[in-house]
Number of protein chains: 2
Amino acid sequence: MTKKNAFYAQSGGVTAVINASACGVIETARAHKDKIGKVYAGRNGIIGALTEDLIDTSKESATAIGQLRYTPSGAFGSCRFKLKSLEANKREYERLIEVFKAHNIGYFFYNGGGDSADTCYKVSQLSEATGYPIQAIHIPKTVDNDLPITDCCPGFGSVAKYVAVSTLEASFDVRSMAKTSTKVFVLEVMGRHAGWIAAAGGLVEDHGIPVVLLFPEIAFDESKFLARVDALVKLHGYCTVVVSEGCHYADGRFLAEQGTRDAFGHAQLGGAAPVVANMVKRALGHKFHWAVADYLQRSARHIASATDVKQAYELGKKGVQLALAGHNAVMPTIERVSDAPYKYKIGMAPLSKVANVEKFMPRNFITKDGFGITASCKRYLIPLIQGEDYPAYKNGLPVYATLKNLPVAKKLSPFELP
Amino acid sequence: MTKKNAFYAQSGGVTAVINASACGVIETARAHKDKIGKVYAGRNGIIGALTEDLIDTSKESATAIGQLRYTPSGAFGSCRFKLKSLEANKREYERLIEVFKAHNIGYFFYNGGGDSADTCYKVSQLSEATGYPIQAIHIPKTVDNDLPITDCCPGFGSVAKYVAVSTLEASFDVRSMAKTSTKVFVLEVMGRHAGWIAAAGGLVEDHGIPVVLLFPEIAFDESKFLARVDALVKLHGYCTVVVSEGCHYADGRFLAEQGTRDAFGHAQLGGAAPVVANMVKRALGHKFHWAVADYLQRSARHIASATDVKQAYELGKKGVQLALAGHNAVMPTIERVSDAPYKYKIGMAPLSKVANVEKFMPRNFITKDGFGITASCKRYLIPLIQGEDYPAYKNGLPVYATLKNLPVAKKLSPFELP
């Protein structure tokens, strides 16, 4: 059997460390040139496979690939595109096989979250359904930390570190100002369904900061929330609120959806933070400030967690090793061995058990009143934000890689995306 | 003459490096124990002086004071409180003199921005008006970078570095997503009247990022703005917008004031970023994300500029040296000698020329179309964000100092603040 090429793609929202996984995949494949030919990356994720828009990573120097470890975002472009079932969209799957055949691709490495695990699982089944040999390996990635089986997901540790550091710094700020000015600071963080990212804000409690966390897992109760803020401001003179973007009322209505309209009558898309801040102002009269971290949090490679970067690289590397060992339809995982000292090993999960399963915060990680995190949660989180892994700087800014991303010559006729 | 004690206070919005100036003041005063007694800090700024709520910094260890160099926020508390003129509020000035007398204070170090320079100038005149000898020195501090005479203001370099780094990282993120998702990212930064902070976002242009800057100095023209975004998205597939909070229309109306009301009819305080983002969506149809950095930007000690930290310390130190040399009513300044290599010296400005003067972006720092920065502006900005000066970390979080802040025993009867 001639050696096969590999396909690698990045999927869904990018992170500070997804390129570290790409680096792990490409460097490990390069170290096994006897078994793996070239690594072709999909330009803009799976869309690159469907449209035969492949990037030849063999044209990138070892230095450039090494720099990916320090570069946030998706170096080859990502996309939000979920393949339908084999039955519902046979044409797309047939196209994938055509592209794989045309470019002698036998390994499919897909780097993403829950939706991508599902896509990867579907691709893994192509081998059986079509008779074309393809090994599909999912490399986990998501700031949401909501994939099952794995103890944590690459991307999460860095966003958690960013949120914990930012919450600490902004809380010191509001503490300084509280006597005559701002008494409540509200930070909105990501997390549509799971509160893992907001939980990281709770780590500042051990630094003496009064903080209220609002999770998507806990139905928002305005009067209980206001009572909590009132009590903390009376006790400490100020408090900080960290609110998940997905925080909602018991009836499912998001805090961010307030039916707000601007002067022209247009519906106004706002964040949860200004809603919470105005609520505090109206009920308690406190001056507030609010911030929405949005993309800043997930792209903040400058303050990435060294643990997270290391694991992202290792899982990319392990993905290639699993493929070389003949596996299909699997995902490398982090298996925690101990909290302190933090020890873990790399495991493996079948994609059939990963796809379409979302992992929420366990109830025992959230305090009884719903506004904080427990000691168990802190034991879980602290190892994940350990260590700094600074990029190099030039002229005051980080040196981040922009690859050449040269295309592979097309061999097939064009394909229209649905 | 017996040696006098010193009073030090932090004023207005705090920064990532105002405590580095405090460190410079206290360490330098401690090195001159023959001439300066104790350094008393005002708890919550000038309010601490009026209410005789003084902090005895001599109770803090050398280690704790040294840690201030790495700690964001105002370690002694700050306040927003502007003294009226001597004629309008004689009572407050008399009280200051009473407190100074009671605690043998002969040196007044005031660490703040424009309003504080004015307060400091008024205090400097007390000596003449009342016959009580007091030397008032203003230590510059403001993220707004709007003090006159000094080439730059401590606090600005760090917020500029934060904004440049964050804009770079988030732009890499949106570039990855643009094919099927977000095409426009909007970051709102501080700057009510002057666009210095937004200008820092323009430094990412040299990294190939298409960016549109919106300054308070340039009246907002919606159609020109939308045309610019449209052109950039057509050319690059995406673009980033950095908008000053103080950006406004020609008639003075702020972008953030859209007369927005929530479902209950309450006026909604929003940011400029969501307004700009929704404007782009309506006119051009692009998917957007937006962030509001708020306090995160000015408290981000974790990514402070080494140049800024060094200058903040040096100006604190110089303030004490000027006092020892007999000066009154002055402010130490940064005098730029050359851009590259960056060289500067510490100068001195009379407070009469500093108080109540605001320094805006010069027109030749802004491109003709009003949406970018010129090469002159880049030459000005680049030295100010040079170098990293990382704090120590423990358990994944920066080690920031929380002082004991022990009170000095009161000697006077209470004073009611107006």
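**Figure 1. Where helix α8(A) meets helix α9(A) in this predicted model**. On one side of the meeting point you will find A:Glu222, A:Leu226, A:Val229 and A:Asp230, which belong to α8(A). Facing these residues from α9(A) are A:Met279, A:Val280, A:Ala283 and A:Leu284. Sorted by class, the contact has six nonpolar and two charged residues, with no polar ones.

**Figure 2. How helices α8 and α9 of chain A cross**. Two packed helices are described by the angle between their axes and the distance between those axes. Here, α8 (residues 222–236) and α9 (residues 272–284) of chain A pack at about 75 degrees, and their axes are 11 Å apart. Angles from 65 to 115 degrees count as roughly perpendicular, so α8(A) is roughly perpendicular to α9(A).

**Figure 3. The side of chain B that touches chain A**. The most come from α7(B), which gives 13 residues. By class, this side of chain B has 31 nonpolar, 26 polar and 13 charged residues. The copies meet through the same surface, because 99% of the interface residues of chain B are also interface residues in chain A.

**Figure 4. The rotation that relates chain B to chain A**. Which residue of chain B comes closest to the rotation axis? Look for B:Val292, whose C-alpha is 2.5 Å from the axis.

Note on methods:
Residues numbered from 1 in each chain as written. Chains lettered and ligands numbered in written order. Predicted model: local features only at pLDDT ≥ 70, side-chain atom pairs only at ≥ 80, totals over all residues. Least-squares fit on C-alpha atoms with pLDDT ≥ 70 in both. Contact = placed C-beta atoms within 7 Å. Helix = DSSP H or I, 4+ residues; strand = E, 2+ residues; numbered from the N terminus. Nonpolar A, V, L, I, M, F, W, Y, C, P; charged D, E, K, R; others polar. Axes fitted to C-alpha atoms, helices over the stretch in contact; angles between N-to-C directions. Parallel < 35°, antiparallel > 145°, perpendicular 65-115°, else oblique.
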